[in-house]
Amino acid sequence: KEPDDTFTLMIYTNSCYARKDYEKALELTNKILEVDPTDVATLGNKADLFNRLGRSEESLKITESLISRNSMDDLAWANKGTALLLRSEYEKSISSLQTAVKIDPAFAEAWFDLAKAYACVNNEDDALDSLIVATSIDSDYLNELEDSYFDNIKNHPRFQKLVSKQKDQVN
C-alpha cells in the first residue's frame with residue numbers, strides 16, 4: 001500500500017526520483033497535488049519530471065504558469081529552458097536558462113543545460129564557460145560529459161581538460 005500523507009508521499013517521490021523511476025515519481029507527485037494543487041515546489045518538480053520523461057509541452061504549460069505568478073522562480077525558468085532545449089528551440093532555451101542563472105548563480109543544473117544549449121548553436125566559448133561553471137559548482141557534472149549535446153565541442157582543448165579532470169577524479 002502506498003502512503004497517503006503528503007510528507008511520506010514526498011519522501012517516496014524523492015526515492016523514486018533518485019532511482020530514476022520518473023513515471024512513478026510523477027504518479028506520486030500528482031497525488032501530492034490532489035491535496036494542494038497550487039503547491040509551487042511540487043508543480044516545479046512536476047515540470048522537471050515531464051522534462052525527464054521527454055514531455056516538454058506539458059512542462060512548458062506548468063513553467064509558463066509558474067513564471068506568470070513569480071518571475072523570479074529560478075526553477076521554473078530552468079525547467080522552461082530545459083523543455084525548450086528538448087524541443088530544439090535553442091535560442092529560447094538559452095534566454096530562459098540565462099534568466100535562471102541570473103536569479104541563482106549557483107544553480108549548477110541550469111548552467112549545465114545552458115552549456116548544452118550553447119553547444120547546440122555552436123557557441124563553443126559560452127558552452128565551455130557554462131560547463132566550467134556547472135562543474136565547479138557540482139563536480140558530479142563531470143560524469144555527464146559524454147552527453148551527445150557536447151559532440152560538436154568534444155575535441156576542443158578546454159573540453160578535453162574537463163575530461164582529464166573527470167578521469168583524475170575517478171582515479
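Colleague: Which residue does the side chain of Asp 151 meet in a salt bridge?

Modeller: Before I answer, this is a predicted model, so local features need pLDDT of at least 70 and side-chain atom pairs count only at pLDDT 80 or more, while totals for chains, interfaces and linings use all residues. Residues are numbered from 1 along each chain as its sequence is written, and side-chain values use heavy atoms, with hydrogens and water left out. A salt bridge here is a side-chain nitrogen of Lys or Arg within 4 Å of a carboxyl oxygen of Asp or Glu. At 3.7 Å, N to O, the partner of Asp 151 is Lys 154.

Colleague: Is Lys 154 buried or exposed?

Modeller: Buried means under 20% relative accessible area, exposed over 50%, and partly exposed in between (1.4 Å probe, protein chains only). Because Lys 154 is at 16% relative accessibility, it counts as buried.

Colleague: Which residues is Leu 145 in contact with, leaving aside its neighbours within four places in sequence?

Modeller: Contact means heavy atoms within 4.5 Å. Leu 145 is among the residues with the most contacts inside the largest nonpolar core, which has 45 residues; such a core is a set of buried Ala, Val, Leu, Ile, Met, Phe, Trp, Tyr and Cys residues joined through side-chain atoms within 4.5 Å. The contacts of Leu 145 are Leu 131, Phe 150, Lys 154, Phe 159, Leu 162, Val 163 and Gln 166.

Colleague: How far apart in the chain are Glu 109 and Arg 52?

Modeller: Their side chains meet in a salt bridge of 2.8 Å, N to O. Glu 109 is in helix H7 and Arg 52 in helix H3; helices are DSSP runs (H or I, at least four residues) numbered from the N terminus. The pair links distant parts of the chain, and the separation is 57 residues.

Colleague: Which residues does Asp 48 contact, again leaving aside neighbours within four places in sequence?

Modeller: Asp 48 sits in helix H3, residues 40–52. At 12% relative accessibility, Asp 48 counts as buried. Its contacts are Tyr 17, Asn 79 and Glu 109.

Colleague: What separates Lys 24 and Glu 27 in helix H2?

Modeller: The two side chains form a salt bridge at 3.2 Å, N to O. Lys 24 is buried at 16% relative accessibility, whereas Glu 27, at 37%, is partly exposed. Because they are three residues apart in helix H2 (residues 22–35), the separation is about one helical turn.

Note on methods: Helix = DSSP H or I, 4+ residues; strand = E, 2+ residues; numbered from the N terminus.
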